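User: I'd like to go through this structure with you. Can we keep it quick?

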Amino acid sequence: MKNKQQLALQDALNRRVFRGNSSRVMGTAALAAMLQSDRPVSAVDVPQAHAGLPGLPHFVPQAKRIIYLFQSGAPSQMDLFDPKPQLEKHYNEDLPDSIRKGQRLTTMTSGQSKFPVAPSIFKFAQHGESGMWLSELMPHMAKVADDLCMIRSMHTEAINHDPAITFFQTGNQLAGRPSIGAWASYGLGSVNQDLPAYVVLTSFGSGRPNDQPLYDRLWGAGFLPAEHQGVKFRNIGDPVLYLSNPPGVDRETRRSTLDRLSALNSKRFEQVGDPEIQTRIAQYEMAFRMQASVPDLLDVSDEPKHVLEQYGADVNRPGSYASNCLLARRLAERDVRFVQLFHMGWDHHGGLPAALKGQCRDTDQATAALINDLKQRDLLKDTLIVWGGEFGRTVYSQGGLSKTNYGRDHHPRCFSVLMAGAGIKTGTTYGETDDYGYNVVDKPVHVYNLNATMMHLLGVEHTRLTYRYQGPDFRLTDIHGEVVEGVLA
Amino acid sequence: MALTWLDYARYADSNGYQSDGSRDMWAWRDWTINAYNRNLPFDQFTIQQIAGDLLPDATRDQIIATGFNRNHRLNGEGGRIVEEWFVETVIDRVETTGLTWLGLTFNCCRCHDHKYAPITQREFYQMFAFFNSNDESGVLAPNGKNGDNTEPTISVSTPEQDAELARLQDQERDAEDAANWPRGH
């Protein structure tokens with residue numbers, strides 16, 4: 001009977017089913033398959049968080065979770081990680097064509113009559129047993145140098161922020177594909193039933209407070225079921241709104257309301273078969289559980305003073321990068337699969353020295369503290385940390401160059417990324433750039449390769465986590481990507 | 001019914017890049033809803049959306065219908081390379097036209113012939129040539145950041161506004177006539 005009813009509703013299948021998974025509209029067999037979905041649709045079964053796909057992880061993972069510290073705007077590699085002392089003697093000289101090799105430039109500098117070489121004014125030194133080079137702007141990171149792996153040979157194709165961040169997040173420059181955290185959530189599921197598998201925390205940089213914005217689609221689910229999209233905590237005011245019930249509504253009332261709502265939604269699902277209705281039910285349930293789990297997560301009154309002090313004074317300011325780092329550790333303790341911080345303000349087209357100091361003040365101490373804190377709690381061994389932006393910055397100055405001031409435009413051909421924690425070969429500096437810090441000369445690492453490596457550490461063979469949409473089987477790494485064995489322990 | 005078509009046609013009253021600033025495309029939306037409501041035949045529905053502006057003596061309605069090809073995103077990011085986004089915009093039109101009218105994805109063939117896909121790379125760029133003939137920049141105009149539309153645009157006054165406009169124009173002409181009347185007549 002039920003089956004007959006379902007068949008009668010075949011025409012009512014909405015566009016999402018039709019476009020999202022065309023095999024589901026091919027006829028009776030497909031509809032039967034849909035009914036065999038392992039997801040509960042009845043109101044009496046309270047849906048649990050997505051448990052991951054069968055067969056995943058593909059192999060024993062090194063990392064149970066990722067904390068991805070995305071530095072939005074693109075930090076200058078040659079002022080922080082990739083020293084080029086020999087550039088001193090080329091100060092203010094025009095960038096040679098033999099180095100630029102016809103590279104396309106953004107329209108912010110393509111009209112410049114001169115491309116004056118701007119050596120970094122910051123001092124570099126070697127740190128730790130490994131002798132890793134780091135700029136004086138990162139004194140705290142210098143102390144954890146032996147826990148880091150530095151990739152100096154990153155490169156990308158995009159030259160402006162939106163396509164470049166979108167590329168890092170989704171493996172495509174154009175919007176619409178699922179983000180890396182959504183793929184992780186879809187493939188591996190949630191460990192913690194009471195928190196989302198993918199949590200996003202954002203913070204404003206003090207180096208360039210009005211830098212270009214972030215947008216929620218960067219952590220979106222694309223064509224994956226919407227329950228896998230990142231859940232962003234707000235950085236101003238309450239991180240999660242409406243955690244408490246309104247006056248007169250207790251938890252039991254809320255529960256019974258949700259049960260009724262869920263029954264109505266399930267009924268509608270039986271009528272139209274739109275999987276997004278199941279997502280809606282699941283998200284209401286997640287919100288209900290978060291009403292209980294989030295206050296405990298956010299209440300840092302149990303943190304000892306010495307721990308808070310490690311992260312620096314900013315940790316007491318909710319929504320700061322430091323405060324988000326502490327929250328990231330608390331999320332890691334609660335087994336949230338994918339925590340992604342976005343720190344804005346790294347886009348230093350002009351006034352770079354002052355702006356970069358501000359950004360490093362925001363992030364240096366707290367990042368090092370996060371690594372130490374996880375280590376002390378024995379969580380670093382199965383937590384992967386990644387620190388980096390969407391591209392690098394040019395060796396030539398954008399606008400005026402002086403001995404104390406310069407700016408740098410976007411540069412896709414080389415930049416640096418740091419990794420630490422689970423499965424990472426620490427104390428390693430991987431890859432090499434030319435004397436101008438303009439081109440990669442050894443062991444290039446493309447965005448696809450970094451993403452493949454992150455998925456590898458989570459126990460996912462990146463070529464085998466796919467989703468069929470409008471015909472092709474899509475994946476995070478498109479048709480590219482190789483695991484960077486050289487950064488693995 | 002129109003809702004499905006609006007989705008396929010990537011309709012939105014916003015530009016789709018970065019913080020997704022607003023623009024007005026609702027006139028095209030209204031045209032689409034009306035097309036369903038007045039049961040416009042599918043051949044007309046197709047012709048007017050793909051090339052309504054090229055019809056002989058195209059009406060304002062037919063030009064608005066061609067807004068289908070203006071539903072693409074517009075990049076207003078500082079530093080964007082105009083030629084790059086012009087090409088992306090053309091590709092967007094090829095892909096959308098392929099998906100909506102031919103029921104075929106035109107994505108793989110942008111870069112290569114695919115052993116299963118019916119459209120070759122060569123055919124992709126033959127289709128590309130149709131949409132490549134247009135002189136729109138493909139990027140957001142400076143005024144577009146403030147929520148205005150990027151050229152080319154069309155004014156979509158209501159019949160009431162048209163009547164009021166005509167009345168004011170008459171009034172203006174009368175006033176001008178009066179002002180120009182030879183003194184001392």
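Analyst: Terms first: helices (H or I, at least four residues) and strands (E, at least two) are DSSP runs, numbered from the N terminus. The model is predicted, so local features need pLDDT of at least 70, side-chain atom pairs count only at pLDDT 80 or more, and totals for chains, interfaces and linings use all residues. Residues are numbered from 1 along each chain as its sequence is written, chains are lettered from A and ligands numbered from 1 in the order in which they are written, and side-chain values use heavy atoms, with hydrogens and water left out.

User: Where is Pro57(A)?

Analyst: Pro57(A) sits in the loop between helix 3 (28-35) and strand 1 (65-71) of chain A.

User: Switching to the interface. How many residues of chain A are in contact with chain B?

Analyst: 21 residues of chain A, against 20 residues of chain B. Contact means heavy atoms within 4.5 Å. The buried area is about 1,700 Å², with carbon and sulfur atoms giving 52%. That area is the accessible area (1.4 Å probe) that two parts lose on being put together, summed over both.

User: Which residues form the salt bridge?

Analyst: Glu84(B) and Arg104(A), with their closest N and O atoms 2.9 Å apart.

User: Now the inside. How many residues has the largest nonpolar core?

Analyst: 59 residues. A core is a set of buried Ala, Val, Leu, Ile, Met, Phe, Trp, Tyr and Cys residues joined through side-chain atoms within 4.5 Å. Helix 13 (residues 352-376) of chain A gives the largest share, nine residues. Ile67(A) and Trp387(A) are among those with the most contacts inside this core. Partners of Ile67(A), not counting residues up to four places away in sequence, include Ala328(A), Leu370(A) and Ile385(A).

User: What about Gln398(A), buried or exposed?

Analyst: Buried, at 15% relative accessible area. Buried means under 20%, exposed over 50%, partly exposed in between (1.4 Å probe, protein chains only). Gln398(A) lies in the loop between strand 9 (392-397) and strand 10 (408-411) of chain A. Its side chain makes a polar contact with the side chain of His349(A) (2.5 Å). A polar contact is a pair of N or O atoms within 3.5 Å; within protein, one must be able to donate a hydrogen and the other to accept it, and residues adjacent in sequence count only if both atoms are side-chain atoms.

User: What is the phi of Tyr242(A)?

Analyst: Near 55°, a positive value in a residue other than glycine. Tyr242(A) counts as exposed, at 70% relative accessibility. Asn92(A) has a positive phi of about 70° and is partly exposed, at 35%.

Note on methods. Salt bridge = Lys/Arg side-chain N within 4 Å of Asp/Glu carboxyl O.
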